[in-house]
Amino acid sequence: MWEFLAGNLPHLTAALNLTATVLLVIGLISIRRGKARRHKSVMLSALGVSAVFLLMYLLHKVSLYMTTGEFNNKFPTDTNVAPLAARYTYYGILITHLMLAIIVPVLALRAVFLAMKGRIAEHKRLVRFAFPAWMYVSVTGVLVYLMLYQFYG
């Protein structure tokens, strides 16, 4: 079971990241078109998808540890497998992705709280930073997956 999860959960988590990205775009379009009710529904869906992502991501880390003794797959160091530029690009994306991924859940939950309390002006101020950060984390999550499991894995 652990091997199956370790081998397959990255595909699921990438799909969840991609789904969150699409939902974020739909949410942005909805609010710009004045469809606040649709925006709310779509953004709560994006939050839900992201929560499922987090659970599956953590389960992947456990399953990887159970099968390999490591929590992470390593990016290839052999330049015949992955050019040095790819390695630098991967780590550059990964570092920024991880730094923002730590704060995005807090920002997203705060944005939801403000909106639910009707504090729309504060909500708008927060999402000017939170939305691009969340979008960046979602998109770069897919890029990290592609680089680690598809292109150079």
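Axes here are lines fitted to C-alpha atoms, for helices over the stretch in contact, and angles run from 0 to 180 degrees between N-to-C directions. The model is predicted, so to speak of local features needs pLDDT of at least 70, side-chain atom pairs count only at pLDDT 80 or more, and totals for chains, interfaces and linings use all residues. Residues are numbered from 1 along each chain as its sequence is written, and side-chain values use heavy atoms, with hydrogens and water left out.

**Stop 1: α1 and α2**

Select 2–32 for α1 and 36–68 for α2. Helices are DSSP runs (H or I, at least four residues), numbered from the N terminus. The axes of α1 and α2 come within 8 Å and cross at roughly 165 degrees. That angle is why α1 counts as roughly antiparallel to α2; the term covers angles over 145 degrees. The crossing of α1 and α2 is left-handed. In such a crossing, the near helix is turned anticlockwise from the far one by less than a right angle.

Now colour the α1–α2 contact by class. There are 25 nonpolar, 11 polar and 2 charged residues. Ala, Val, Leu, Ile, Met, Phe, Trp, Tyr, Cys and Pro count as nonpolar, Asp, Glu, Lys and Arg as charged, and the others, Gly among them, as polar.

**Stop 2: α1 and α4**

The axes of α1 and α4 are 9 Å apart, at an angle of about 150 degrees. α1 and α4 are therefore roughly antiparallel to each other. Their crossing is left-handed. Show side chains at the contact (heavy atoms within 4.5 Å). On α1, pick out residues including Pro-10, His-11, Leu-24 and Leu-28. On α4, the contact includes Phe-131, Trp-134, Tyr-145 and Tyr-149. How many charged residues are in the contact of α1 with α4? There are no charged residues, beside 15 nonpolar and 6 polar.

**Stop 3: α2 and α3**

α2 passes α3 in a left-handed crossing. Select Lys-40, Leu-44 and Leu-47 in α2, which meet Ala-108, Leu-109, Val-112 and Met-116 in α3. This contact has 6 nonpolar residues, no polar and 1 charged.

**Stop 4: the largest pocket**

A pocket is an open set of points on a 1 Å grid over the protein atoms alone, where a 1.4 Å probe fits, with protein on both sides within 12 Å along at least five of seven lines; lining residues have an atom within 4 Å of a point. The largest pocket holds about 880 Å³ of space. Its volume is the space filled by probe spheres set on the points, and grid points are joined across faces, edges and corners. Centre the view on Phe-53, Tyr-57, His-97, Leu-98 and Ala-101, which lie nearest the pocket's centre among its 37 lining residues. Which helix gives the most to this lining? α3 does, with 11 residues. The lining divides into 26 nonpolar, 9 polar and 2 charged residues.

**Stop 5: the second largest pocket**

About 670 Å³ of space lies in the second largest pocket. Select Ile-31, His-39, Met-43, His-123 and Val-127, the closest to its centre of 24 lining residues. α1, α2, α3 and α4 each supply at least two residues of this lining. α4 gives the most, with 9 residues. By class, the lining has 16 nonpolar, 3 polar and 5 charged residues.

Conventions. Parallel < 35°, antiparallel > 145°, perpendicular 65-115°, else oblique.
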